[in-house]
Amino acid sequence: MTRMFLSIGLIGTMVSSLGCAPTLSQPFQDMKSQSQPITIYRLQNYESQASTGGVAAPGMLPPQIQQWMSAGAQLLPPGLLPPGLLPGTALTPAPNASRFHNFPILGTVVVTDSRQRDDIMNLFGSESNFVQPRQACMFAEFGFQIGQGPAPGSPAGAPAGAPPADILVSLSCDQVQLINYNWPHGTRNGLGPDTSKKIIAIVQRAFGS
């Protein structure tokens with residue numbers, strides 16, 4: 001009899017544990033269960049207004065980027081910093097560069113590792129990862145596309161389908177922007193220090209830097 005009660009208690013504990021499994025906010029929960037493809041873009045966060053060949057100069061960069069360069073940018077490996085942020089380097093990308101929501105694309109990685117896919121879904125789908133933004137700007141260093149959509153730079157008339165969840169990530173502005181869907185976490189789209197570190201770990205692993 002005691003053994004039977006222990007078995008029932010064990011089953012109850014397992015059911016309770018399963019029932020408490022975290023559910024991600026939409027659209028990320030459905031996209032995770034559907035194993036939607038994920039692409040990460042490395043982006044040029046700022047372009048010089050000067051003619052082609054312009055280089056970085058003191059005071060040329062927006063104040064948010066200048067502050068980030070003196071405070072948080074050192075968390076990124078040099079190979080993942082957008083060109084032009086270091087003095088004397090070009091700010092203007094190639095004129096024919098493909099773009100992700102108007103930001104020039106510097107590199108692209110398709111995520112195939114299941115653990116990394118889960119990390120990305122859990123990152124954007126959990127409200128606890130986000131805070132109230134401290135400033136209003138968007139200089140995106142990275143972009144995430146979850147779901148199948150026309151590749152940036154593809155010709156007009158590409159096959160249409162359910163829109164992907166496109167996310168601009170600005171470490172210099174400490175915030176993200178979701179495109180094609182409503183942001184599920186209300187006004188909490190700001191990045192705290194721990195969330196920024198999670199994003200840096202994800203992109204560093206993806207791009208091998």
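Author: Happy to! Let's start at Pro27, which lies in the loop between helix H1 (2-19) and helix H2 (28-33). Helices here are DSSP runs of H or I with at least four residues, strands are runs of E with at least two, and both are numbered from the N terminus. Please keep in mind that this is a predicted model, where local features need pLDDT of at least 70, side-chain atom pairs count only at pLDDT 80 or more, and totals for chains, interfaces and linings use all residues. Residues are numbered from 1 along each chain as its sequence is written, and side-chain values use heavy atoms, leaving out hydrogens and water.

The bond that joins Gln26 to Pro27 is a cis peptide bond, with omega about 10°. Most peptide bonds are trans, and most residues other than glycine have a negative phi.

Now step past helix H2. Ser35 lies in the loop between H2 and strand E1 (38-43). Though not a glycine, Ser35 has a positive phi of about 50°. Ser35 counts as exposed because its relative accessibility is 51%; the cut-offs are under 20% relative accessible area for buried, over 50% for exposed, and partly exposed in between, using a 1.4 Å probe and protein chains only. Elsewhere, His101 also has a positive phi of about 50° without being a glycine. His101 lies in the loop between strand E2 (99-100) and strand E3 (103-111), and at 34% relative accessibility it counts as partly exposed.

Rings of Phe, Tyr and Trp (its six-membered ring) pair if their centres lie within 6.5 Å; planes under 30 degrees apart are stacked, over 60 edge-to-face, and the rest tilted. By this rule there are five aromatic pairs. In one of them, the centres of the Phe28 and Phe124 rings are 6.2 Å apart and the planes meet at 25°, so this pair is stacked. It links distant parts of the chain: Phe28 belongs to H2 and Phe124 to helix H4 (residues 114-125), 96 residues apart. Both Phe28 and Phe124 are buried. Phe144 joins the picture too, as ring pairs link Phe28, Phe124 and Phe144 into a cluster.
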